[in-house]
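This report looks at a few side-chain interactions and the elements that carry them. Please read it alongside the sequence and the structure shown here.

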Amino acid sequence: MRVFEYRAAFLHAKVAQVDGRWVTIGSSNLDPASLVLNLEANVMVWDEGIAQAIRAAFDDALQGAEEVHAASLLPGWRGLSGWWRRRLVASAAQLYLRMAGGGGY
């Protein structure tokens, strides 16, 4: 997975294209409240032609975006062992789920 920050203008899109076939476009976030409690709407399509069109539009939008790397967000990240990286990510995910009201905590 790669993460990009779009800087040409404000963009609040939630779009995913997977394996050149499956596309989802909508308002939901990937958190318990958005997926279960909030009134969100997504369109999901299984179509190679639509997936290719979405990919082309996304690639065009990436011209105004900059890739975000974990090392730039977390100084010293590269110096951590694999175990410590996994532990840091797991702890952050657990905290996020607690704050979002999920995870049974």
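Predicted model: local features only at pLDDT ≥ 70, side-chain atom pairs only at ≥ 80, totals over all residues.

Because glutamate 48 belongs to helix α2 while arginine 21 sits in the loop between β2 (14-18) and β3, the pair ties together parts that are 27 residues apart in sequence. Glutamate 48 has a relative accessible area of 47% and is therefore partly exposed, and arginine 21, at 37% relative accessibility, also counts as partly exposed.

## A salt bridge within helix α2

The count of salt bridges comes to 2. Besides the pair already described, the side chains of arginine 55 and aspartate 59 meet in a salt bridge, at 3.1 Å from N to O. These residues are 4 residues apart in helix α2, which means that about one helical turn separates arginine 55 from aspartate 59. Arginine 55 is partly exposed at 44% relative accessibility, and aspartate 59 is likewise partly exposed, with a relative accessible area of 29%.

The N-terminal end of α2 is capped by aspartate 47, of which a side-chain oxygen lies 3.0 Å from the backbone nitrogen of glycine 49. Glycine 49 is itself part of helix α2 and, with a relative accessibility of 43%, counts as partly exposed. The C-alpha atom of glycine 49 is separated by 8.6 Å from that of glycine 20, although the two residues are 29 residues apart along the chain.

## Threonine 24 in strand β3

Threonine 24 is located in strand β3, which comprises residues 22-26. Is this residue buried or exposed, given its relative accessible area? At 9%, the relative accessible area of threonine 24 falls under the 20% limit, so the residue is classed as buried.

The side chain of threonine 24 is joined to that of asparagine 42 by a polar contact of 2.9 Å.

Technical notes: Residues numbered from 1 in each chain as written. Heavy atoms only, no water. Polar contact = N/O pair within 3.5 Å; in protein donor to acceptor, adjacent residues only side chain to side chain. Helix = DSSP H or I, 4+ residues; strand = E, 2+ residues; numbered from the N terminus. Buried < 20%, exposed > 50% of the residue type's maximum accessible area, 1.4 Å probe, protein only. Salt bridge = Lys/Arg side-chain N within 4 Å of Asp/Glu carboxyl O.
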